[in-house]
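Hi,

Here is the structure I promised to pass on.

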Amino acid sequence: MYDLLASTGRVTAVLGPTNTGKTHYAIERMLGHRTGIIGLPLRLLAREVYDRIVALRGPSVVALVTGEERIVPERVQYWVCTVEAMPEGMGADFIAIDEIQLCADPERGHVFTSRLLHARGLHETLFLGAETMKPAIGGLVPEAQFMKRERFSELSYTGSKKISRLKPRSAIVGFSVENVYAIAELIRRQKGGCAVVMGALSPRTRNAQVELYQNGDVDYLVATDAIGMGLNLDVTHVAFSALDKFDGRRMRPLMPNELAQIAGRAGRYTEPGTFGVTGEAELLDERVVEQIVNSRFAPVKGLQWRNDRLEFGSVERLIRSLEMRTEEDWLHRAREADDLMALKALSAIAEVDARLAGPRDVKLLWDVCRIPDFRGISHGEHVSLLEKIFAFLHDEGRIPTSWFAGQITRIDRSDGDIDTLSKRLAYIRTWTYVAQRKGWVEDESHWRGETRAVEDRLSDALHGALTQRFVDRRTSVLLRRLKQKESLVADVNDNGDVTVEGETIGRLDGFRFIQDQTASPEEAKTLRQAALAALAPHFNLRADKFYNAPDTEMDFTEQGGLMWGELAVGKLVKGDDPLKPGIEAFVDEEAGADVAEKVKRRLQHFIDRKIAAGFEPMLEMSKDETLTGLAKGFAFQMVEALGVIPRDQVASEVKALDQDARGLLRKHGVRFGQFTIFMPLLLKPAPTRLRLVLWSLSKGLQEFPEAPPPGLVTVPAVKDAPEGYYANAGYRLAGERAIRIDMLERLADQLRSEDSRGGFEAKADMLSITGMTLEQFADLMQGLGYKAEKGEREKVKAVPAEAAPQGGDEVPKVDAVADSSSLPDGTASPEEATPEGPEMEVFYTFTWGGFARGNRGGGKPKPRGKPKPKGPRKDKAQKFSARPPKKEKAIDPDNPFAQALMGLKKD
């Protein structure tokens, strides 16, 4: 039997399953004494208990000591520690060790066993844990009394459920970081998000994540088995996603008592709890379920032990003392821990061995070896770091400030993803631990504060990264408010962005809600449900505002869309009459029938007024009761054609109109052109744009052709333009281009005076009217039914102004080479003496050829005629003197220009 600390105090083992209030009982007992120490299994749990005691007694009398954190006020009464960091020889009135069943843990069990054997309060000692420890405690601490605590609530097994079917307030347990992250990502997509709790998290990150869950921002928690160690959460169901874990050496199945430790977190205080499996985890065996529900497990048969009476005479003696065996039946020698492995590795390094001159050096080496491998990179990397720290401490007495500061600066960065931030947090834990060791760094208080500040910054960044990745705060907030049946408050800004309870969920486009496209299908349902519940009053207010808006705020698009500013609020649809289109309002069904009707009625008023204004002359003509007979019939045709009719389509009707009928129609602005009957006021850009939309609707086109840009006389031909497009656009197709119909009539007026049978050339005015080059004009004329014969001739140079004749003087003859460039002796300059030839120019001769088949509306022209042979251009006198006497022309019935010229077809 081992010697225990001299104590007259009572030793009690408070045993029972989870949710029996053991930790709460220990806190109450400790605060009943003047001084006390409580040892807890996790830094996270130590921080939680510390905060509870500070809330009761204030921070001035409570200390927190862990491997990486040390808060010790001057007048300490109560110490809250991790089991490894519990101070020894304090002589406290009260000592408690929580989760005493960890004496059997292969990794840390020897530390708990040491506390079981040696830690005693002067007046009271409590061991808190599972009932499986009763035989072991009874055998090793015979004076111990036992207190059994019963579970406050019932625990039951529910079998297997898919993650998507888990009810709110559930915790899903995984046993690897990858598994935890994968489950968390799935829950974010399906449930709006979850909190993440792992033992590797800093207390600050863990508390922030737990707060997300506890305050209801999320309804699900994904955690490792860290939640089984006393973390108090409002969990109603625990689901195991796996039943095996890696224990640091190998994968092994979880024991029934380990499953019970985690499952017992379901059902806090008197609320019943449930547990089960999910994902790929197999159903639990019935015997295991019975053990968990009834808290009946096989007792612990042996505790992990390592000799704590160490000898520092030499490294060899220290290693032998650490590997000493025991003859106590209850105690089993612990497997080789990380600190012992590091000691063996370091002592084998020659440089380290050379520094070990005595017990003090061996003790220092052992203290360095006890630095935990928080980084977890590799054993070799860890040993290399320990070697460097030992060298600094041995040779210089302290770690150099510049080197220590550099290590911290390297990781003091808050950017990066979850994995990067987690690694930095693991690294800073190493330096936090080092800074807590007395005498290892200069200005200990500064570096303790600095490492803590870096850890806090990284913790906040990690919390933010976890929340950003695994919590759709928007969906979780809206789900909670909808579940609580609270009224939702929506806000719509000037850009139409919709926020509900401060969360952006989409935008309001006119009277339709367009939800955020980044939302998953599962999230989309929640977003729409929340949006429509909150937007109901906004729809009505917006409808009132729209109904009272002036027409100047509205417009139609080339495709028949109806706009209110930049908002699409409806579209035109085909009606019974081209001038009376219907309206389809873009209004969500959930906005209500009243809103939809109000929007539709306002849009109908707008388009009716737009048509009345744009086609006013034509509509006035249709109402003129003085029009009768053929004139009234022709006016009706003009209205049907929206004010523009190609003449060849109504040739017989025009011919039938007498001069009086034409006069009545002209009073309303109808112009009878050679190619088109039209109303010039309806060729302006606004009526033309509206006419094309109305015509496209009446023809049932899927895609409406757009109006040509205003102000252009000719435009390139549109490929695959529907029949009737050019006339409604105010143009006529001629060759590769289309010409505006009013400018075409001006051209026709000029062509009347030309000899279309004998041939004529393009005049400057003709090119000016059309704005074309000679080549383009030739193509246009062919499209109108003319033949264009191309020729070349010598270009006649313009006569200089100073050589122009005065009065009636005869024009002097000028020799071709006798100009200002001639040399003094009268010979030509070298450049002019060897000319390459006379400068030539291209010209076209146009003659009426009759419309090609299918070209009366301006189709594809015939190929051009052969060019005339080249030759010198005759002057005007020679040209006319060489002509034979004119014969009386025969009238070409197909040439409107010829008929007009002969006075047989006058308007």
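Which residue just after α23 takes a positive phi? That is Gly669, with a phi of about 95°.

Before the rest, some ground rules. This is a predicted model, so to speak: local features need pLDDT of at least 70 and side-chain atom pairs count only at pLDDT 80 or more, while totals for chains, interfaces and linings use all residues. Residues are numbered from 1 along each chain as its sequence is written, and side-chain values use heavy atoms, with hydrogens and water left out.

**Helix α23**

Helices (H or I, at least four residues) and strands (E, at least two) are DSSP runs, numbered from the N terminus. Helix α23 covers residues 659–667, and its buried residues are Ala661, Arg662 and Leu665 (buried is under 20% relative accessible area, exposed over 50%, partly exposed in between, with a 1.4 Å probe and protein chains only). Seen down the helix axis, these buried residues fall within an arc of 95°, so they line one face of α23 (the arc is that of the directions from the axis to the C-beta atoms). The face turned away from them carries the exposed residues Asp660 and Lys667. On the buried side, α23 packs against α20 (616–623), α21 (629–640), α22 (651–656) and β28 (671–672); contact here is heavy atoms within 4.5 Å.

**The cores**

Leu665 turns up again in the largest nonpolar core, which has 67 residues. A nonpolar core is a set of buried Ala, Val, Leu, Ile, Met, Phe, Trp, Tyr and Cys residues joined through side-chain atoms within 4.5 Å. Phe511, Leu579, Phe615, Met621 and Phe634 are also among the residues with the most contacts inside this core. Helix α18 (residues 521–547) gives the core its largest share, seven residues. A second, separate core has 64 residues, including Met198, Leu356, Val362 and Cys369.

Leaving out residues up to four places away in sequence, Leu579 touches Ile611, Phe615, Met618, Leu619, Val639, Leu642 and Leu694.

**Around β12**

Strand β12 (residues 220–223) is covered on both faces: Tyr220 and Val222 are buried on one side, Leu221 and Ala223 on the other. Ile172 stands opposite Val222, and Ala195 has Leu221 as its bridge partner.

**The eight-stranded sheet**

There is also an open sheet of eight strands with mixed pairing, in the order β4-β3-β5-β2-β6-β7-β1-β8. β4 (70–71) and β8 (145–148) stand at the edges with a single partner strand each, so one side of each has no neighbour in the sheet. β8 runs parallel to β1 (residues 10–15), joined by four bridges, and Leu15 stands opposite Lys148.

**Arg268**

Arg268 and Thr18 are 250 residues apart along the chain, yet their C-alpha atoms are separated by 9.4 Å. Neighbours within four places in sequence aside, Arg268 is in contact with Asn19, Asn232, Leu233, Asp234 and Val235.

Cheers

Key. Two strands pair if DSSP finds at least two bridges between them.
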